[in-house]
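Welcome! Take a moment to look over the chain below, and then we will walk through it together.

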Amino acid sequence: MNGDVSEILALAADLSLVGPKMVKPVLGVLDEMGNATALAWRGIAEVSSGETGRLYPPTIDHTARGTFGGNLEVEIGPNAALGASARAGRGYEFGSVNQPPHLDGLKATTAAEPRVGKALDSAIGFLIP
């Protein structure tokens with residue numbers, strides 16, 4: 001079997017350049033979607049946590065991080081560095097002997113999931129030949 005493989009070799013060369021070009025836009029999407037999800041989680045938690053948990057929702061934040069060659073990720077949730085109200089988040093989210101699970105984070109992330117895929121496609125879809 002004979003054939004011209006120049007197009008396959010050109011595609012392989014193009015794809016090798018895609019990875020480095022994706023890092024910045026993907027981190028941008030993770031940051032944007034992480035912020036939106038944290039805000040949604042806070043809003044849901046403000047309702048579900050009531051007066052006794054009023055200090056919990058403001059502790060919910062996000063951090064996007066990563067580098068080329070490493071993992072790109074976003075962490076969303078109560079920031080333990082913000083004190084006892086953040087550490088109480090486990091009880092609000094998953095329940096305790098005093099209350100049922102609220103699952104506010106699950107509700108917020110489930111609602112955000114379809115938007116993340118669309119945002120990633122918009123940000124990097126054009127990079128793939």
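Leaving aside its neighbours within four places in sequence, which residues is V26 in contact with? They are L72, L120 and I124, where contact means heavy atoms within 4.5 Å.

Before going further, a word on the ground rules. This is a predicted model, in which local features need pLDDT of at least 70 and side-chain atom pairs count only at pLDDT 80 or more, while totals for chains, interfaces and linings use all residues. Residues are numbered from 1 along each chain as its sequence is written, and side-chain values use heavy atoms, with hydrogens and water left out.

## The overall layout

The chain has four helices and two strands. Read from the N terminus, its elements follow the order α-β-β-α-α-α. Here helices (H or I, at least four residues) and strands (E, at least two) are DSSP runs, numbered from the N terminus.

Of the 129 residues in the chain, 27% are buried. Buried means under 20% relative accessible area, exposed means over 50%, and partly exposed lies in between (1.4 Å probe, protein chains only). The accessible surface of the chain is about 8400 Å², and carbon and sulfur atoms account for 60% of it; such areas come from the Shrake-Rupley method with a 1.4 Å probe, and for residues only the protein chains shown count as cover. Among contacts with a separation of 6 or more, 56% join residues 24 or more positions apart.

## The nonpolar cores

In soluble globular proteins, nonpolar side chains tend to be buried together. A nonpolar core is a set of buried Ala, Val, Leu, Ile, Met, Phe, Trp, Tyr and Cys residues joined through side-chain atoms within 4.5 Å. The largest one in this chain has nine residues: M22, V26, V29, L30, M33, A119, A123, I124 and L127. Two or more of its residues come from each of α1 and α4 (104-124), and α1 gives the most, with five residues. Another core lies apart from this one and has seven residues, including A38, A45, Y92 and A108.

## A pair of rings

Y92 also takes part in an aromatic pair. Rings of Phe, Tyr and Trp (its six-membered ring) pair if their centres lie within 6.5 Å; planes under 30 degrees apart count as stacked, over 60 as edge-to-face and the rest as tilted. By this rule there is one aromatic pair. Its partners are Y56 and Y92, which are stacked, with 5.0 Å from centre to centre and 20 degrees between the planes. Y56 sits in the loop between α1 (6-48) and β1 (60-65), and Y92 in helix α3 (residues 89-94), so the pair ties together parts that are 36 residues apart in sequence. Y56 is buried, at 1% relative accessibility, and Y92 is buried too, at 11%.

## Charged partners

Side chains of opposite charge can pair when their charged atoms come close. A salt bridge is a side-chain nitrogen of Lys or Arg within 4 Å of a carboxyl oxygen of Asp or Glu. How many salt bridges does a search of the whole structure find? It finds three, listed here.

| Salt bridge | N to O distance |
|---|---|
| E51 and R54 | 3.4 Å |
| E73 and R65 | 2.9 Å |
| E75 and R65 | 2.7 Å |

R65, E73 and E75 are linked in a network of salt bridges. E75 lies in strand β2 (residues 73-78) and R65 in strand β1, so this pair ties together parts that are 10 residues apart in sequence. R65 is partly exposed, at 33% relative accessibility, as are E73 at 36% and E75 at 47%. E51, by contrast, is exposed, at 58%.

## Around S48 and H102

Finally, let us visit S48. This residue lies in helix α1 and is partly exposed, with a relative accessible area of 30%. Its side chain makes polar contacts with the side chains of H102, at 3.2 Å, and D104, at 2.6 Å. A polar contact is a pair of N or O atoms within 3.5 Å; within protein, one must be able to donate a hydrogen and the other to accept it, and residues adjacent in sequence count only if both atoms are side-chain atoms.

Is H102 buried or exposed? H102 is buried, with a relative accessible area of 12%, and is found in the loop between α3 and α4. A further polar contact, of 2.9 Å, joins the side chains of H102 and Q99. Not counting residues up to four places away in sequence, H102 touches S48, S49, Y92, E93 and K107.
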